Amino acid sequence: MNNLTEFLAKYKHWFLFVLLEVCSLVLLFRFNNYQGSVWFTSANYVAGWAYEAGSELTSYLTMGKANEELTQRNVLLEQQVRELSARLYDKTHDPRYLKRGQYRFLEPFKLIPAKVVSSTLNKANNFITINKGSWDGVRKDMGVVCGNGVVGTVYLVGIHYSVIIPVLNSKSNISCSIQGRDYFGYLHWTSGPSSIAYLDDVPRHARFRIGDRVVTSGYSAIFPAGVLVGKVKHVYNSVDGLSFRIAVKLSTDFGNLRDVCVIDNASIRARKQVIEAAQDSIRSLAEESGGAE
């Protein structure tokens, strides 16, 4: 006991120093928004690494089931490809048409593959963390998709990890349209089931049917047109009665999301820069007008 007392008395200034350092860091990260977001977000290296390790362990333990599902999906996809190829050949009599069309569609896009290392489903504002960051070419406001459709938008970028605002977030606001109908609205999620979101502000004169496909409209500076979002499940009147509110059954299974791709499209970035420049110009004109008055 005497030895312990002597030890504490001898190094008490070091213990006091460590205690004060811990208190100062807690105060810094708790009461400063920027420092707090940098430390506590899952985009930081330590948290991202821990999430990735846990995700890899979970993936390994469920690999058998995943392989069975992939095998079944591959069989279905092969059947669909054969059917579509036969239909295209009947229409065009050109066996190279399908291949050329695929290349033309993929040419403008650079896809950055990534794995989901952390995600939530049961909150009003869910987030997804992926294992790619700025060193891999990921930047804020890029669109994120998976094999089944839209996932969300890049929100915060670290060096090796990034945080995504998925469709299942109250802040998500994606411009979508009903395929083949040219009517568009904005997709929102209201903390309900993870398979349902709502397309708001669809015009009252719009004509569509239950089961029609909902895709990205291409009117935003994030997603190109035509990326699948889901299908029309139900139609409601808006609160003010001036538009429709459409319940959309999402094509992406967020509860089983493992692999995604970040869309790096030069034309989308150029469009975003033009929009931002126009907004800055309008803001400047408004400020000048206000100063002149």
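Cysteine 176 is buried, at a relative accessible area of 0%; "buried" here means under 20% relative accessible area, "exposed" means over 50%, and "partly exposed" is whatever falls in between (1.4 Å probe, protein chains only). A quick word on ground rules: this is a predicted model, so local features need pLDDT of at least 70 and side-chain atom pairs count only at pLDDT 80 or more, while totals for chains, interfaces and linings use all residues. Residues are numbered from 1 along each chain as its sequence is written, and side-chain values use heavy atoms, with hydrogens and water left out.

On to the overall picture. The chain has seven helices and twelve strands, taken as DSSP runs numbered from the N terminus (helices: H or I, at least four residues; strands: E, at least two). Of its 293 residues, 31% count as buried. The chain exposes about 19,300 Å², and 59% of that comes from carbon and sulfur atoms; accessible areas are Shrake-Rupley values with a 1.4 Å probe, and for residues only the protein chains shown count as cover. Taking contacts (heavy atoms within 4.5 Å) between residues at least 6 apart in sequence, 57% join residues at least 24 apart.

The interior comes next. A nonpolar core is a set of buried Ala, Val, Leu, Ile, Met, Phe, Trp, Tyr and Cys residues joined through side-chain atoms within 4.5 Å. The largest one has 41 residues, and Leu187, Leu199, Leu250 and Val260 have the most contacts inside it. Strand S11 (residues 243-250) supplies the largest share of this core, with four residues. As for Val260, leaving out residues up to four places away in sequence, its contacts are Ile112, Pro113, Ala114, Val116, Ile130, Val144, Val145, Cys146 and Val151.

Cysteine 146 is buried at 15% relative accessibility. If a disulfide is a pair of cysteine sulfur atoms within 2.5 Å, the count comes to zero. For cysteine 146, the nearest cysteine sulfur belongs to cysteine 261 and sits 9.1 Å away. Cysteine 146 does have a bridge partner in S4, namely glycine 149.

That bridge belongs to a run of paired strands, where pairing requires that DSSP finds at least two bridges between two strands. Strand S3 (residues 143-146) and strand S4 (residues 149-157) run antiparallel and are joined by four bridges, with a hairpin of two residues connecting them. S4 also runs antiparallel to strand S5 (residues 162-166), this time through five bridges. Leucine 156 has valine 163 as its bridge partner in S5, and four residues lie between S4 and S5 in their hairpin.

Aromatic pairs are the next stop. Rings of Phe, Tyr and Trp (its six-membered ring) pair if their centres lie within 6.5 Å; planes under 30 degrees apart are stacked, over 60 edge-to-face, and the rest tilted. By that rule there are six aromatic pairs. In one of them, phenylalanine 127 and tyrosine 155 are tilted, at 6.0 Å centre to centre and 35° between the planes. This pair links distant parts of the chain, with phenylalanine 127 in the loop between S1 and S2 and tyrosine 155 in strand S4, 28 residues apart. Phenylalanine 184 and tyrosine 219 make an edge-to-face pair, because their ring centres are 4.9 Å apart and their planes meet at 80°. Phenylalanine 184 lies in strand S7 (residues 183-188) and tyrosine 219 in the loop between strand S9 (213-216) and strand S10 (228-237), so the pair ties together parts 35 residues apart in sequence. Phenylalanine 184 is partly exposed at 33%, whereas tyrosine 219 is exposed at 54%. Ring pairs also bring in Tyr186, giving a cluster of Phe184, Tyr186 and Tyr219.

Back at the S1 end, serine 118 lies in strand S1 and is buried, with a relative accessible area of 17%. Apart from neighbours within four places in sequence, serine 118 is in contact with Tyr51, Phe127, Ile128 and Thr129. Lysine 123 lies in the loop between strand S1 (110-119) and strand S2 (128-130) and is partly exposed at 48% relative accessibility. From lysine 123 to asparagine 169 the C-alpha to C-alpha distance is 8.1 Å, across 46 residues of sequence.
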